[in-house]
Amino acid sequence: MGGLVHTIQFVFGIVGNAATLFLFLVPTFTFKRIIENKSTEQFSGIPYVMTFLNCLLSAWYGLPFITSNNILIATINGAGAVIELIYVLIFFLYAPNKQKGKILAMLILVILAFAAAAVISVLAFHGKNRQLFCGTAATIFSIVMYASPMSIIRLVIKTKSVEYMPFFLSFAVVISCSCWFTYAMLGMDPFVGISTGVGLALGIVQLILYFIYCDKKILKKKTTATDESQQNMGNGYINNVKCYNDEKQSNFHEQV
């Protein structure tokens, strides 16, 4: 029975790796837009900095000398840390000067926080205590990471627009957290379970908000398109009348 549970857990871990990799790659569309426009617009860089810290701590937690049988967590979060760092650097490059200082300060604090946690875990803790310390740190910052889009959620509610909350990012959060929550329950890992449970709940909230406000966004686009169409029709009608009057006057002069 134990072997079957471990196999099922491993399968959910593999699916979780694929879903999480997709989650890490979803923002490439956002950063393509940032690079093309040479502006970060109203996008927030905080989620990417916090995700970078979470990936570092989670990868550290998954290493064999911290916990056993969690190598899948270490590999995907190690890859995620590299990807998120690239996002942060791109955001820093195109952000306004005011935001650049904020992002740089946060990035430095994140690196220092991880370095301190890693050194303390190795020198001050051993065995179960080391696992408890690293697991607690990873859980806290995972929750912070999942809660970081709250600023975007407030923007969505305020503007009644989902333009700056990409659907696929929220969808990927739900899929990824669902897989890792199941993985944690099967492996009896409370640290992974708590953080991904919170992430799953917040991801569902984002999807609900998306479906509430996405119709208004589409309706607004349709209204704008209709107005432009009516305006073009009106301009065309005026031009036709003008041409007709000009032609009529020309014929009158020819007859005279």
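Good morning. A residue is called buried under 20% relative accessible area, exposed over 50%, and partly exposed in between. I begin with that convention because Ile71, at 47% relative accessibility, counts as partly exposed under it. Please bear in mind throughout that the structure before you is a predicted model.

Let me stay with Ile71 for a moment. This residue has its place in helix α4. What separates Ile71 from Gly13 in sequence and in space? The two are 58 residues apart along the chain, while their C-alpha atoms lie 9.7 Å from each other.

From Ile71 I turn to the packing of its helix. Helix α4 covers residues 71-94, and helix α2, residues 28-37, packs against it at an angle of about 25 degrees, the two axes being 10 Å apart. Since angles under 35 degrees count as roughly parallel, α2 and α4 are therefore roughly parallel to each other. In passing α4, helix α2 makes a left-handed crossing.

Helix α4 has a further partner in helix α5, residues 97-124; here the angle is about 155 degrees and the axes are 9 Å apart. That angle makes α4 roughly antiparallel to α5, because the cut-off for this class is over 145 degrees. The crossing of α4 and α5 is left-handed.

Next, the charged side chains. How many salt bridges does a search of the whole structure find? The search returns one. It joins the side chains of Glu41 and Arg33, with a distance of 2.6 Å from N to O.

Phe22, Phe168, Phe171 and Ile175 together make a nonpolar surface patch of about 370 Å². Which helix gives the most to this patch? That is helix α8, residues 167-187, with three residues. Phe22, for its part, is found in helix α1, which spans residues 2-25. With a relative accessibility of 42%, Phe22 counts as partly exposed, because that class lies between the 20% and 50% limits.

Notes: Residues are numbered from 1 along each chain as its sequence is written. This is a predicted model: local features need pLDDT of at least 70, side-chain atom pairs count only at pLDDT 80 or more; totals for chains, interfaces and linings use all residues. Side-chain values use heavy atoms; hydrogens and water are left out. Patches are made of residues with over 30% relative accessible area and no salt bridge: like charges are joined within 9 Å, nonpolar side chains (Val, Leu, Ile, Met, Phe, Trp, Tyr) within 5 Å. Accessible areas come from the Shrake-Rupley method with a 1.4 Å probe; for residues, only the protein chains shown count as cover. A salt bridge is a side-chain nitrogen of Lys or Arg within 4 Å of a carboxyl oxygen of Asp or Glu. Helices (H or I, at least four residues) and strands (E, at least two) are DSSP runs, numbered from the N terminus. Buried means under 20% relative accessible area, exposed over 50%, partly exposed in between (1.4 Å probe, protein chains only). Axes are lines fitted to C-alpha atoms, for helices over the stretch in contact, and angles run from 0 to 180 degrees between N-to-C directions. Angles under 35 degrees count as roughly parallel, over 145 as roughly antiparallel, 65 to 115 as roughly perpendicular and the rest as oblique. A crossing is left-handed if the near helix is turned anticlockwise from the far one by less than a right angle, and right-handed if clockwise.
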